[in-house]
Amino acid sequence: MVTFQFERTAPLPLAEAWRRLTEWPRHGDVVPLTRVAVVTPGPTREGTVFVARSGVGPFTVDDRMEVTVWCPPTEDEPGLCRLEKRGRTIRGWAEIEVRPGPGGRARVIWREELRPRLVPSLFDPLLRASAQAVFGRAANRLLRRP
């Protein structure tokens with residue numbers, strides 16, 4: 001099991017940062033070798049299910065996720081989205097929090113726990129470092145792209 005967290009600050013209103021981070025198909029545009037398909041009809045809410053398929057050819061992994069908390073930000077409250085990872089290969093959860101930051105910017109806090117099956121704990125340090133780098137880079141790109 002691997003847990004990690006990172007924070008980003010973006011020169012965006014809260015609602016725009018939230019939109020950029022929670023339009024699930026956009027994640028496929030910024031994570032290498034990944035496509036994201038939303039399984040349930042929109043708009044996103046508790047119960048929304050989507051699948052991120054990563055890999056090439058027969059070497060693919062499906063990361064099936066369900067939105068279990070959906071609280072978009074308001075002027076008075078930060079936003080929080082919690083995803084439960086329910087795939088055959090990857091279990092765990094992710095949380096995306098969007099709150100006011102310095103100078104009217106949006107502060108993003110991303111927390112995640114990954115429990116991949118068939119990966120020995122010996123590889124946890126490598127998995128943690130690579131997951132944090134990949135998801136951190138993805139968050140940067142999502143926040144930069146309109």
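This dialogue covers a pocket and a pair of helices in a predicted model.

Biologist: What rules apply to this predicted model?

Modeller: Local features need pLDDT of at least 70 and side-chain atom pairs count only at pLDDT 80 or more, while totals for chains, interfaces and linings use all residues. Residues are numbered from 1 along each chain as its sequence is written, and side-chain values use heavy atoms, with hydrogens and water left out.

Biologist: How much space lies in the largest pocket?

Modeller: A pocket is an open set of points on a 1 Å grid over the protein atoms alone, where a 1.4 Å probe fits, with protein on both sides within 12 Å along at least five of seven lines. Here the space is about 660 Å³. Lining residues have an atom within 4 Å of a point. There are 26, and the closest to the centre are Ser 54, Asp 63, Ile 90, Leu 114 and Phe 135.

Biologist: Which element gives the most to that lining?

Modeller: H3 does, with five residues. Helices are DSSP runs (H or I, at least four residues).

Biologist: How are two packed helices described?

Modeller: By the angle between their axes and the distance between the axes. Here the axes of H1 (residues 14-22) and H3 come within 8 Å and cross at roughly 125 degrees. That makes H1 oblique to H3. Angles under 35 degrees count as roughly parallel, over 145 as roughly antiparallel, 65 to 115 as roughly perpendicular and the rest as oblique.

Biologist: Which residues make the contact?

Modeller: Contact means heavy atoms within 4.5 Å. H1 uses Ala 17, Arg 20 and Leu 21. H3 uses Ala 139, Leu 142, Leu 143 and Arg 144.

Key:
Grid points are joined across faces, edges and corners, and a volume is the space filled by probe spheres set on the points. Helices (H or I, at least four residues) and strands (E, at least two) are DSSP runs, numbered from the N terminus. Axes are lines fitted to C-alpha atoms, for helices over the stretch in contact, and angles run from 0 to 180 degrees between N-to-C directions.
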